[in-house]
Amino acid sequence: MRRSLHVKLVLIMVLLVISLMTVAGAFLINSVGRFYLKDFYTQMADFFSEDAEIWRDLEEAKEGETDPVASIESYLAGNMGILGVDGRNRNYYILDDTGAYLASSLDSDQEESGFQVEITENIRHAILTGEPGSRSSATASYMDVAIPITRGDSDYIIYIMDNRQTVQDLSRNMFILIIEALAFGLVISGLLSFLLSKTMVIPIQRLTEGAKRMAEGEFQRVITVESQDEIGVLTDTFNDMARQMEKTLLTVESERTKLDALFLHMTDGVVAFNRNGEVIHANPAAEAMLDQPIPVGGSVTYDGLFGGIAPLWEVLSRDGESLEGEISREDRGLKLLFAPFDREEQAGVLVVIHDVTEQMKTEFMRREFVANVSHELRTPLTNIRSYAETLADAPDLPEDMRGSFLQVILNESDRMTHIVQDLLTLSRFDSGKNGLNLSTFPIGDALQDLCRAVQMEANKRGHKLELQMEGGLPDLRADRERILQVLMNVVSNAIKYTPDNGQILIDAGCQDGGVWVEVTDNGIGIPAADRNRIFDRFYRVDKARSRESGGTGLGLSIAKEIVIQHEGSLSLVDREGPGTTIRLELKTEGPAHEQ
């Protein structure tokens, strides 16, 4: 780390110096080139200005002049200092109106036989337009101007060209100077950056050592703050963080101790597994409920304990939802709750075990209580009926009032008697004492008997009752009277709760070694909120209407228990539109147990 920081800081300073010198050198060199370019054209513009005397000397021929070119050359040679012509890097040339070479400032030994001046863009401009050509380019290797003049009867072009050698020499010397300054600057910056990095690295090294001690659990040592700059503030903050972390760890440890005590003494069992199904935690309550030791990291796994109830992969794949299950251990009933934790990483599964043995016993006692109450109610109900009959013969009350009162008493006593009878039936089913009288009979004949039995009641309401059966229905082994009781209850409900002039369809068929019967009506239907509870005891969708129809709320519960005894199913079919469809499914060979 120390070497890395030193190297980084030195490299930063070196790169900074190189960058600055490169930018400065490029700027200086370009500035020199632009300065010489501007100075050249300014010098030419100043000389070839509209000064009448200069143009008169160039264009007016003298008396007896026989060689205009020599006169022009003589005038230019006299002004070489003003023009900056030195005969080496900058020269003047006298050209005719076609650009052909006539004379120049070159020495005679520099002029070769057939020497011609290259026609540049400025020369071409002067030839074609008769105007001075002074276009410049910073990227060109020369600077030039072409001035057209007329002397006597002839046209000439004064062409001055600078090969920029002076600029190049100056730029080369400046580049060497920049390189030397860069080398010197690199040495200085390297030394300074090394010293600077040393002052920065030492406190950082101390912070690193403090972080290592903190990682090892040592929080008491305080790092000395030797400065008030950013590093000093960082060091002070680090010391505060260490103290705060020590407090946080103590708090976490305290909470962990509390949780361990909670898990140890809680009545519910808790077993935690990692995603491989290995035990990572188990409290004594879980071991007591499951009646076996559950060592952490031992041979006991999730699959061995709960794999048959909820597979591990299924629980881990649940998106924030838990699963429930139940198991039995001898005379103990256990309810299980499976929940994944750290779902994103699928870290594991938490299983909470709740002992529901007492609840099961309480439920059993409640059912027994219903049976006992029903038995106790039969005697007073009989007395009420006898008393009502006696009152019917009493001459003291008006005839209409007496008859009305007695009829109400009789109706209520009948209804309560039915409730008691239904409760007794359910009690027998719950206790398993209500045996089935199994026999083999044609299901089609039973359905026809059912239709004949309810046809008159359907006709009173104006209902259309229709029976549809598939051909070749097999014989059914079941308790014929009980199955007819189930179907009678379903069809009677359809007749009662379907408005007048309705339609009731009884449909039957066979599939997969069983038979099915569906009863469909176009009546008032069952709201979605009530569909899951229609088979509950005493549950009514419309309590007022049920009482008007004489219902007790136990018919479908009894029907459900009868079907369960036959190892079949009775369910509400989900479908669109008004009305209700109840489906009964039974195995043709009957229940596995023979009673």
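Modeller: Gladly! One definition to begin with: contact means heavy atoms within 4.5 Å. Keep in mind that this is a predicted model.

Biologist: How do I describe two packed helices?

Modeller: In general, two packed helices are described by the angle between their axes and the distance between the axes. Here, helix H13 (residues 443-460) packs with helix H14 (residues 480-496) at an angle of about 35°, and their axes are 10 Å apart.

Biologist: Is the crossing of H13 and H14 left-handed or right-handed?

Modeller: The crossing of H13 and H14 is right-handed.

Biologist: Which residues in H13 and H14 meet?

Modeller: From H13, the residues include Leu447, Leu450, Val454 and Glu457. Among those they meet in H14 are Arg480, Leu484, Met488 and Ile495. The residues of this contact divide into eleven nonpolar, no polar and four charged.

Biologist: Now the strands. In what order do the four strands of the open sheet come?

Modeller: The order is E2-E1-E4-E3, with antiparallel pairing. Strand E2 (101-104) and strand E3 (143-151) are the edge strands, each pairing on one side only. From one strand to the next, the twist averages 25°.

Biologist: Over how many bridges do E1 and E4 pair?

Modeller: Strand E1 (residues 90-96) pairs with strand E4 (residues 154-162) over seven bridges, in the antiparallel sense. For instance, Ile94 has Ile158 in E4 as its bridge partner.

Biologist: And which strands does helix H3 lie across?

Modeller: Helix H3 (residues 68-78) lies across E1, E2, E3 and E4, and runs at about 160° to E1. Helix H5 (residues 121-129) lies across E1, E3 and E4, running at about 25° to E3.

Definitions and conventions
Residues are numbered from 1 along each chain as its sequence is written. This is a predicted model: local features need pLDDT of at least 70, side-chain atom pairs count only at pLDDT 80 or more; totals for chains, interfaces and linings use all residues. Side-chain values use heavy atoms; hydrogens and water are left out. Axes are lines fitted to C-alpha atoms, for helices over the stretch in contact, and angles run from 0 to 180 degrees between N-to-C directions. Helices (H or I, at least four residues) and strands (E, at least two) are DSSP runs, numbered from the N terminus. A crossing is left-handed if the near helix is turned anticlockwise from the far one by less than a right angle, and right-handed if clockwise. Ala, Val, Leu, Ile, Met, Phe, Trp, Tyr, Cys and Pro count as nonpolar, Asp, Glu, Lys and Arg as charged, and the others, Gly among them, as polar. Two strands pair if DSSP finds at least two bridges between them.
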